[in-house]
Amino acid sequence: MPREITGFSNPLVKRVRGLREKKLRKREGLFLAEGLRILTEARERGILPEMLFMASDARSHPLADELIAAVEAQGGDVILTSADILGKISGKDNAQTLVGVYPDRLTPLPALDRSAAPIWFVAQAMRDPGNLGTLLRIGDAVGAGGVILVDDCVDPFSVETVRASMGALFTQSIAQASWTDFLTWLRTGPGQLVGTSLNTEHDYQAPHYEAPTFLVIGNEARGLPADYEAACDLLVKIPMMGRADSLNASVAGAVMAYEVLNQQRRG
């Protein structure tokens, strides 16, 4: 049976609330995910929270009952609490009725199986949590293997990134590496490194993409540095017919990923 916490000053509430801060997430190796949809997505992948905070009305949905039973069966901690406390934990006035505490999901770069998927994303110095969360969703949609974060990227386990991923955080591998270490790893096996750039005349639909394709998405404001472009096997340009000279980073990732996917579908 769930235990009940009713006080804001409870040490566990303070500890879990602290996971909204990056330094505490790194120290604890834990992060927050909220909402029945995201937590059910994780459960369907066999991933359960170590702790599950729930409002009294959470059990009105059969999927919530299944989630609670699964957490209890594996020895996890299920805590019944108030909507106000859930709001303090999640940082939202209209908090979801379920908040899960999960161990972080970073995969060491050498442990990635590049053959597991034909498409991978490489996010270079991506700073916006919405963009990274959306990129994870796109990866899930196209059957990508995951996202490799290089340079100073936004925290993939921030509350904002997790929300934006809509559960894709639990379907995609996430690795972090320096650009040099990433290139060294990439060149030890198959993989075509493709970047988008204004410094090329190759239309993005013209080349044949080779699996596994690693799509490099540059920083939102600056794009890819020149030496990073030089390291790519292929640079392509997405045509811009209006006044804008570039797309949003995650939108560009979607355009590229679906072109690669469509080539694969056509054989």
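**Loops, a sheet and two helices**

Reader: Where does Asp151 lie?

Author: Asp151 is in the loop between S7 and helix H7 (159-165); helices (H or I, at least four residues) and strands (E, at least two) are DSSP runs numbered from the N terminus. This is a predicted model, where local features need pLDDT of at least 70 and side-chain atom pairs count only at pLDDT 80 or more, while totals for chains, interfaces and linings use all residues. Residues are numbered from 1 along each chain as its sequence is written, and side-chain values use heavy atoms, leaving out hydrogens and water.

Reader: OK, and what's the phi of Asp151?

Author: Phi is near 65 degrees there, a positive value in a residue other than glycine. Most residues other than glycine have a negative phi, and most peptide bonds are trans.

Reader: Which residues does the cis peptide bond join?

Author: Ala211 and Pro212, with omega about -5 degrees. Pro212 sits in the loop between S9 and S10.

Reader: Switching to the sheet: what's the strand order?

Author: S8-S7-S6-S10-S9-S11, six strands in an open sheet with parallel pairing (strands pair if DSSP finds at least two bridges between them).

Reader: Which strands stand at the edges?

Author: Strand S8 (173-177) and strand S11 (234-236); each has a single partner strand, so one side of each is left without a neighbour in the sheet. On average, neighbouring strands of this sheet are turned by 25 degrees against each other, direction ignored (axes are lines fitted to C-alpha atoms, for helices over the stretch in contact, with angles from 0 to 180 degrees between N-to-C directions).

Reader: How many bridges pair S9 and S11?

Author: Three, in the parallel sense, with S9 covering residues 192-196. Val194 stands opposite Leu234 in S11.

Reader: And what does helix H6 lie across?

Author: H6 (residues 129-142) lies across strand S6 (119-124), strand S7 (146-150), S8 and strand S10 (213-217), and it runs at about 170 degrees to S6.

Reader: At what angle do the axes of H6 and H10 cross?

Author: Roughly 10 degrees, and the axes of H6 and H10 (residues 249-266) come within 9 Å. That makes H6 roughly parallel to H10 (under 35 degrees counts as roughly parallel, over 145 as roughly antiparallel, 65 to 115 as roughly perpendicular, the rest as oblique).

Reader: Which residues in H6 and H10 meet?

Author: From H6, Asn131, Thr134, Leu135, Ile138, Ala141 and Val142 meet Ala249, Ser250, Gly253, Ala254, Ala257, Tyr258 and Leu261 in H10; contact means heavy atoms within 4.5 Å.
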